[in-house]
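The following exercises are to be worked with the sequence and coordinates at hand. Each task is followed by a stepwise solution.

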Amino acid sequence: MPRKFKVAAAQVGAVHKWTPRTSTLKRLIGLLHSAHSQGARLVVFPECAFTTFFPRYTMSEPPEIDAWFEHGDDPSESPNTKPLFDEARELGVDIYVGYAERTSDGTSYNSCVYYSGALGKVVSKYRKLHLPGTKDPFPEKDAVNQLEKRYFTPGDLGFRAFRAPDLVAGALKKAGLGGKEAETTASVGKGDPVVGMMICNDRRWPEAWRVLGLQGVELVLCGFNTNSYAPQLWGSRQEMTVEEADKESRFHHALTMQANSYMNAFCRPSILQGTDELRRTA
Ligand code: CDT
């Protein structure tokens with residue numbers, strides 16, 4: 001049953017290692033306002049949206065690594081990130097946003113949350129399961145590295161579907177539409193939309209989509225940062241030019257998003273943010 005609402009793809013643009021966090025945050029808030037002024041009810045930001053995509057840099061010193069993470073359970077309470085959530089609450093807009101999470105016991109995850117502007121709180125969290133790349137950098141001096149295995153632990157929350165409260169005006173709130181009861185034939189597709197989240201490399205693995213599909217998900221949100229030219233990484237061909245690699249990377253992205261959405265009958269916003277070295281998208 002179609003329910004219509006506007007989703008915005010927040011194209012953040014290049015965020016460099018030396019870009020101050022405050023200016024990145026300002027950019028995210030600017031995009032949130034722009035999306036809201038154009039009628040968006042949900043704004044989707046990229047993976048690790050608050051900083052550069054730091055897993056491409058090799059770091060060994062704990063304080064240096066620690067600086068890229070938000071600490072504690074709830075990023076809407078973390079000083080570096082709270083202003084974006086506060087603004088979303090003020091505007092009554094929902095957001096999906098990726099960030100680097102360090103829990104109180106010191107475990108590090110590549111995470112994202114769904115924040116409800118209407119409720120003013122995080123309603124779901126996901127921690128990335130498929131961590132690509134290597135633990136150690138490639139020996140070549142100019143290699144493009146992907147060191148997620150160095151900095152993150154595989155997620156422990158699974159792929160959990162959830163209802164996005166009040167995302168669509170007039171959604172039914174009766175039994176079965178947000179509660180534990182089964183939906184009736186008359187109510188199917190009229191409740192709050194059923195949403196699933198994944199992060200970047202998860203999109204290349206069929207089980208991520210299928211697990212969400214089996215829970216009745218209608219909308220999959222996926223923020224990402226992807227390399228277009230990384231000749232050392234598996235699956236790349238050393239002899240490719242930068243242009244060929246870029247074209248192939250875009251093709252593989254579109255292929256996996258479209259094919260999996262088609263097979264599981266989902267909608268999925270897909271957002272692109274460009275940098276010289278890699279693309280950041282949601
Ligand atoms: N961030 C992330 O997961 N990026 C991966 C790179 C894979 S290595 C080619 C991606 O799937 O786009």
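**Exercise 1: His130 and its surroundings**

The side chain of His130 makes a polar contact with the side chain of Glu207, at 2.7 Å. A polar contact is a pair of N or O atoms within 3.5 Å; within protein, one must be able to donate a hydrogen and the other to accept it, and residues adjacent in sequence count only if both atoms are side-chain atoms. The model is a predicted one, in which local features need pLDDT of at least 70 and side-chain atom pairs count only at pLDDT 80 or more, while totals for chains, interfaces and linings use all residues. Residues are numbered from 1 along each chain as its sequence is written, and side-chain values use heavy atoms, with hydrogens and water left out.

Task: locate His130 and describe its surroundings.

Solution.
- Step 1. His130 belongs to the loop that joins strand S6 (121-127) to helix H4 (148-151). Helices (H or I, at least four residues) and strands (E, at least two) are DSSP runs, numbered from the N terminus.
- Step 2. The relative accessibility of His130 is 13%, and the residue counts as buried. Buried means under 20% relative accessible area, exposed over 50%, and partly exposed in between (1.4 Å probe, protein chains only).
- Step 3. Apart from residues up to four places away in sequence, His130 touches Phe159, Asn201, Asp202, Trp205 and Glu207. Contact means heavy atoms within 4.5 Å.
- Step 4. The side chain of Asp202 also makes a polar contact with that of His130, at 2.6 Å.
- Step 5. Cys200 is 70 residues from His130 along the chain, and their C-alpha atoms are separated by 8.5 Å.

**Exercise 2: Cysteines**

Task: explain why the sulfur of Cys48 and the sulfur of Cys222 are each too far from Cys200 for a bond.

Solution.
- Step 1. A disulfide is a pair of cysteine sulfur atoms within 2.5 Å.
- Step 2. For Cys48, the closest cysteine sulfur is in Cys200, at 9.5 Å, and is therefore too far for a bond.
- Step 3. For Cys222, the closest cysteine sulfur is likewise in Cys200, at 6.4 Å, which is also too far.
- Step 4. The structure holds 0 disulfides. Cys48 is buried at 2% relative accessible area, and Cys222 is buried at 0%.

**Exercise 3: The ligand**

Task: which residues come nearest to the ligand, and which polar side-chain atoms lie 2.8 Å and 2.5 Å from its oxygen atoms?

Solution.
- Step 1. There are 14 residues around the ligand, of which Lys128, Cys200, Asn201, Arg204 and Thr226 come nearest. A residue is near a molecule or strand if one of its heavy atoms lies within 4 Å of it.
- Step 2. An oxygen atom of the ligand lies 2.8 Å from a polar side-chain atom of Asn201.
- Step 3. For Thr226, a polar side-chain atom is 2.5 Å from an oxygen atom of the ligand.
- Step 4. An N or O atom in the side chain of Glu47 is 3.0 Å from a nitrogen atom of the ligand.
- Step 5. On its own the ligand has 360 Å² of accessible area, of which the protein covers 89%. Accessible areas come from the Shrake-Rupley method with a 1.4 Å probe; for residues, only the protein chains shown count as cover.

**Exercise 4: Confidence**

Task: where does pLDDT stay under 50?

Solution.
- Step 1. pLDDT is the predictor's confidence in each residue, from 0 to 100. Its mean over the protein is 89, and 89% of the residues reach 70 or more.
- Step 2. The values stay under 50 over residues 272-282.
- Step 3. Where pLDDT is low, the predicted coordinates should not be read in detail.
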